[in-house]
Amino acid sequence: MIRKLDEKEFAVILEIVNDAANAYKGHIPADRWKQPYMPPQELQEEIRTGVQFYGLTENNNVVAVMGIQPVSKEVTLIRHAYVLSNQQRKGHGEKLLRYLFDLADTPTVLVGTWKAAFWAVNFYAKNGFVEVSEEEKNRLLHKYWNIPERQVETSTVLKMQKQPKKKTLVLQVDAQNPDPEKIKVAAEILKKGGLAAFPTETVYGLGANAFNGRAVTDLFAAKNRPLDNPPILHINQVNQVSQLAKEVPKNAEELMQKFWPGPLTLVFKRKDSVPKETVAGLDTVAIRMPKHNVALELIKQSGTPIAAPSANLSGKPSPTDAKHVFADLNGRIDVILDAGSTNIGVESTVLDLSVDPPVLLRPGGTPFEEIKKILPNVKLHPFVDAQKELSLEQARSPGMKHKHYAPNAEVILVEGDASAVITKIKELVKRYQREGKRVAVLATDETQKEYTSDLVVSMGTRFNLETIAKNLFRELREFDSRKVDVILAESVPLEGLGLAVMNRLRKASGYHIIKA
Ligand code: TXA
Ligand code: MG
């Protein structure tokens, strides 16, 4: 499993860095390995200047660590690459490197400051890095790094170009009666292990053949998605559940009958035949049957369940239009089936039936109230209506712990009764404008006239939470081109689709919530 390490995990990073440095002590100057190779202050500084550390775990222990730093449009720097010394030969370094390399948007450069010690040259050469010319080395070192002059002499700079981009084909299809020939193009791509984006009734999905582990790994890379967050498997016939799930509890039957096809994802114990890449190592699997003719026809023609997370770059709002998919993934995937905007606008509800009582893990297009009518004992996972960040140990659905839906501007959610919210937002608009910030308000049709901020955007009418759900992600996305510093968002009631809307708004705000 590969995941980003945070500042709290200092001790782990230090242990591995120091351990790996010791292992190479014959090759690096004695003054370096005799003391801690990287003292805590130095690590603090690295993190402060934007180095992001990633770790690869085995049996829950971190065994390899690498740090990357996007320094400019020209290069991404791999700052550190360390493998726990007793794990040297297990290929962990390579696996982590490949993952990080996919994350980088620019050519990736590695600087080694002791030529003789540059054990990594072999390793990196094997992974497609080449040494740059003396001239380029000097240019890069002087432009980007404060390496002392005496070390410039002994440095090695390795660089790997990004692979040529894929050509992404966009095919317009009719949402109701899609042309089977066009769907066939995408189905053939999926059969060959490629990636195809397609509309569902909720949001666009990015699909790969669920039984092809390699294709699913490519899918994660295309989205920059953390490897521990599995996709939903999409089917077009109820009997496909038995290809994927080991046990289907009795209470599932009625739900499938009533809500499929539709925006409800069910989590079951999985079959061993589902590749581990597809379920991110979990022993459960999430399945849904989408209510969209393009999606259903694509699954049918592909002849396989399709693993499909939302078709956005990880962290961005889910795409409700093919234009959003194109903006995030052009050049990274093979084809986009464009059938215009999606209907529901928030993702499916995720319901865990592998436990008793069943637990709703993500609120979405199927309201909690509707599920409760069939499963009176269903529980809401605390994350669903959390108003603050809960600890990771409490996360049951991997998606709960990753950053989501965030526009570039700071989002602040103001919660309370409508009239109190308006008063509070007006006050906040003034305060932020006094600080010289450009302020937007994410309001509703009924309240938008109240504000005099730099920008006011309506999510729709308060009397129809379905419209608000439908518009939400588009509005969040469009803020990125609207040059504002702060977005003050109104809360909506927690009933019906409001629960999903509020869950997404709270996440988009990073739980920056102000009570009115
Ligand atoms: O509406 C939707 O559900 C869209 C469309 C494309 O179908 N898909 C979607 O997928 O939103 P994604 O990958 O963005 O979100 C899937 C969610 C994540 O929160 C993930 O953690 C959770 O489902 N999930 C997947 N497998 C799981 C499992 N075995 N147990 C618990 N949660 C799981
Ligand atoms: Mg998603």
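**Exercise 1.** Which residue caps the N-terminal end of α9?

*Solution.* Start with the ground rules: this is a predicted model, where local features need pLDDT of at least 70, side-chain atom pairs count only at pLDDT 80 or more, and totals for chains, interfaces and linings use all residues. Residues are numbered from 1 along each chain as its sequence is written, chains are lettered from A and ligands numbered from 1 in the order in which they are written, and side-chain values use heavy atoms, leaving out hydrogens and water.
Now look just ahead of the helix (helices are DSSP runs of H or I, at least four residues, and strands are runs of E, at least two, numbered from the N terminus). The cap is N212, with a side-chain oxygen 3.1 Å from the backbone nitrogen of R214. After α9 comes N224, with a positive phi near 55°.

**Exercise 2.** Find how many residues of α9 are buried, and what they pack against.

*Solution.* Apply the cut-off for buried, under 20% relative accessible area with a 1.4 Å probe, protein chains only. Eight of the eleven residues pass, among them G213, F220 and K223. Then take contacts (heavy atoms within 4.5 Å): the buried residues pack against α4, β10, α12, β15 and α14.

Conventions. Buried < 20%, exposed > 50% of the residue type's maximum accessible area, 1.4 Å probe, protein only. Polar contact = N/O pair within 3.5 Å; in protein donor to acceptor, adjacent residues only side chain to side chain.
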